[in-house]
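Subject: Structure handover

Hi there,

Here is the structure I promised to pass on. Please open it alongside this email, and my notes on side-chain contacts follow below.

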Amino acid sequence: MISYDISKTKTRNKVAKLLEGYGRRIQYSVFECEIEEASYASLYEKLLKQTLESGTDSIRIYRLCKKCAGNVITIGTARKGADSLKESAIVV
């Protein structure tokens, strides 16, 4: 699970576009990503670069185990594409 708080529209759009390549948008600034460790390392480096350039923005990464990911509860209407997670994936 990755969330962000980014003030500049240009940077926010870059981060959102980057995350769309790794997972699915759950809310405007929240993504669920099912990726392998190597992809995670690459994504982490790219996100780190974005926050280092701004000095004020923040990106939070929540690594969830398979059991935790399977216990996600949605109240209300889930965004399109926010279906259940695959059990064999690493969720970050």
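Glutamate 34 is partly exposed, with a relative accessible area of 21% (buried means under 20%, exposed over 50% and partly exposed in between, using a 1.4 Å probe and protein chains only). Glutamate 34 makes a salt bridge with arginine 24, their closest N and O atoms lying 2.7 Å apart; the term stands for a side-chain nitrogen of Lys or Arg within 4 Å of a carboxyl oxygen of Asp or Glu. Because glutamate 34 sits in the loop between S3 and H2 while arginine 24 belongs to strand S2 (residues 23–27), the pair ties together parts that are 10 residues apart in sequence. (Helices are DSSP runs of H or I with at least four residues, strands are E runs of at least two, and both are numbered from the N terminus.) Arginine 24 is buried, at 18%, and a salt-bridge network links Arg24, Glu32 and Glu34.

Before the rest, a word on the source: this is a predicted model, where local features need pLDDT of at least 70 and side-chain atom pairs count only at pLDDT 80 or more, while totals for chains, interfaces and linings use all residues. Residues are numbered from 1 along each chain as its sequence is written, and side-chain values use heavy atoms, with hydrogens and water left out.

The structure has 4 salt bridges. Another of them joins glutamate 37 and arginine 63, with 2.6 Å between the closest N and O atoms. This pair links distant parts of the chain, 26 residues apart: glutamate 37 in helix H2, arginine 63 in the loop between strand S4 (58–61) and helix H3 (66–70). Arginine 63 also lies over the face of tyrosine 40, 4.6 Å from the ring centre (the criterion is NZ of Lys or CZ of Arg within 6 Å of the ring centre and within 35 degrees of the ring normal).

Now to the rings. There are 2 aromatic pairs, counted for Phe, Tyr and Trp (its six-membered ring) when centres lie within 6.5 Å; planes under 30 degrees apart are stacked, over 60 edge-to-face and the rest tilted. Tyrosine 4 and phenylalanine 31 are stacked, at 6.4 Å centre to centre and 25° between the planes. They connect strand S1 (residues 2–5) with strand S3 (residues 30–33), 27 residues apart. Phenylalanine 31 is buried at 0%, and tyrosine 4 is buried at 8%. Tyrosine 40 and tyrosine 44 form a tilted pair, at 6.2 Å and 45°.

Best wishes
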